[in-house]
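Here are a few notes to read alongside the model, for someone opening it for the first time. Have a look at it before going on.

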Amino acid sequence: MIPLSIEEIAQITGASLDAVPDPRAVVAGPVVIDSRQVVPGALFAALPGERADGHDFAAAAAAAGAVITLGTRPTGAPALIVADVPAALGLLARAVVDRLPALVIAGITGSAGKTTTKDLAAQLISTMGPTVAPQNSFNNEIGHPLTVLRADTRTRYLIAELSARGPGHIAALCRMSPPSLGVVLCVGNAHAGEFGGVEQVAAAKSELPQALPAGGVAVLNADDPLVSAMASRTAARVVTFGRSAPAGVLASAVSLDELSRPRFTLEMPDGSANVALRLHGEHNITNALAAAALAGQLGMDVGAIAAGLSHAQARSRWRMEVTHRPDGVIVVNDAYNASPEAVTAALDAVRVMAAGRRAYAVLGRMAELGERSREFHEQAGMVAARTGLAGLIAVGDEAAPMLAGAKAIAGPDGQAALAALDERLRPGDVVLIKASRAAGLQTIAMELAGGSSEATQ
Ligand SMILES: Nc1ncnc2c1ncn2[C@@H]1O[C@H](COP(=O)(O)OP(=O)(O)OP(=O)(O)O)[C@@H](O)[C@H]1O
Ligand SMILES: [Mg+2]
C-alpha cells in the first residue's frame, strides 16, 4: 500500500482512535485480515470469522509489528474504530486509487471463468509492467479492497475479479476502483437462485460495462447473446472476442490434445499466431480469448500474447487440475466450483480425455441454483450419461438426480466414492471430481490424487 499515517486513515474512513500512542505513525502495508500474515508496518483488519473473531488477535498482530488494527471495538491494542470494517476497507481502497492517477484498472466479471481469465490476463499483462491481481478468487467486498490496497506508486496495472451475489455489488466494487477496461465473460446459471433468474444475473453483470467511462473499453463475449447485448449499456468503446467471426479476437483451427488442452490460431486485429494452452478443457479457449483481447487493448501484440498464453500456468488450484498418479491413473480435480455450465464444460473435457480410456466422474451438488435446482441436476445427469462414463458417483442427496441417465457405482458420501474408485481404478483410467465448493469434494480429490499435481510443478 502507499504509505498513509494513522490519522490520514482515520480521516479517510471516519474512524475514531483507541490506544494510539502516535497518530502520525505510518502504515506502509500490507493490509491483512489474518494476523499470521502481519509484518512490521502492516494494518490488521479485524473481521468476525466462522470460527474466530479477528479482534481476539489484535494483540498478536501488534506484537508482530502491525502499526494499527482496524476494528469495530477496542481491544487494548492501537486501533482505528469503525462501524463496518469492510466498508472502511472500501473507502481506504478508493482513497489509494485516487492517489494513483496513472494506474490502469481492468475489471473481469462473468458467471464462470473469472479467476482463470484473471490469472491468464495477469500473466500476459505483467510482462508489460508491474501488475497487481487478486490471489485466488478475491472478488467481493472484502477480497477486492485487499487487492486494491496492494497497489502502490510503482504499480501500472490492476486486474480485478469482480463478483456479485446480488444487484449493486459490481457497481459498488467499480466505485471503489473505477475501471477503464471491463471484461464480461458469460452469463450463466451460477448463483441464479440468489438472483431470481438468469436475466437478473445479466443485469448484475452489466453493471461493469455501465461503470466504464467514454474513453474506456468494454471487452464482451460475442458468443453469449446476454453479454453482447451489453454493448448498448456502455459509454465505452466495445471490442469483442468469441469462437467465430465477426468477433474482433477469435480462435480458428481449434483442436484438443489427448489431455483436452486446446490448440488454436489466435486471430487479432494486428495478425494471427498459434497458441497451445497448458490449461485443460475447450472452455478455456473463451477465457484465453478474453485475456488476449484485454492484453491487446493495453498494447500487447498478437505474437507476445500467443507466446504468453502458451506459457501461462493454472495459478489458482482445483480448476481442472490434472494429476498423473504413479500408477497411471489421471485425476482431474475441478472441485473448486460447479454450475450447470461448468459441469458441462468439465464433462466435455473428460469426454476428450476418455478417448481410449475408461472415465469415471464423482459429481457433488451444484449450490445456489434456487427452485430449478433439481431440474439442473437432472440435466447434468443427461450430459454425464452422454459422456460415456464407465461409472458415475453422485455425492450427497442433492446430487442424486444426476444419476437419472447413469448407474451409480457408489454413494452417497465422499469416503464411499473413494472406496468404490479404489476397487475399480486401473492404470490409464481418468477420473473427474467436480462439485460446488460447499460440497467439500476438493479434499476427496486431493486424497485421490495423492501424487504431485501439475499446478505445483
Ligand atoms: N468459460 C467457461 N465456461 C464454462 N465453465 C467454465 C468456464 N471457465 C471456467 N469454467 C468452470 O468454472 C469453474 C471455476 O472457474 P473459475 O474459478 O475461473 O471461475 P470464477 O468465475 O472465478 O468462479 P467463482 O465465481 O467461484 O469465483 C472451473 O473449474 C470450470 O469448471
Ligand atoms: Mg473466482
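The points below cover the surroundings of the two ligands.

1. A word of caution to begin with: this is a predicted model, so please read the distances with that in mind.

2. Start with ligand 1. There are 18 residues around it, and K114, T116, R319, D334 and N337 come nearest. Sorted by class, the shell has four nonpolar, eight polar and six charged residues.

3. Next, zoom in on the oxygen atoms of ligand 1. A polar side-chain atom of K114 sits 2.7 Å from one of its oxygen atoms. For S137, a polar side-chain atom is 2.9 Å from an oxygen atom of the ligand, and for E161 the distance is 3.1 Å. On its own, ligand 1 exposes 630 Å², and the protein buries 92% of that.

4. Now for ligand 2, the magnesium ion. T115 (OG1), S137 (OG) and E161 (OE) coordinate the ion at 2.0 to 2.1 Å. Along the sequence, these donors follow the spacing T-x21-S-x23-E. T115 belongs to helix α4 and E161 to strand β10 (residues 157–161), so this pair ties together parts that are 46 residues apart in sequence.

Methods: Residues numbered from 1 in each chain as written. Chains lettered and ligands numbered in written order. Predicted model: local features only at pLDDT ≥ 70, side-chain atom pairs only at ≥ 80, totals over all residues. Heavy atoms only, no water. Near = heavy atom within 4 Å. Polar contact = N/O pair within 3.5 Å; in protein donor to acceptor, adjacent residues only side chain to side chain. Areas by Shrake-Rupley, 256 points an atom, 1.4 Å probe, with all protein chains shown as cover. Nonpolar A, V, L, I, M, F, W, Y, C, P; charged D, E, K, R; others polar. Donors = N, O, S within 2.8 Å, 3.2 Å for Na, K, Ca; no water. Helix = DSSP H or I, 4+ residues; strand = E, 2+ residues; numbered from the N terminus.
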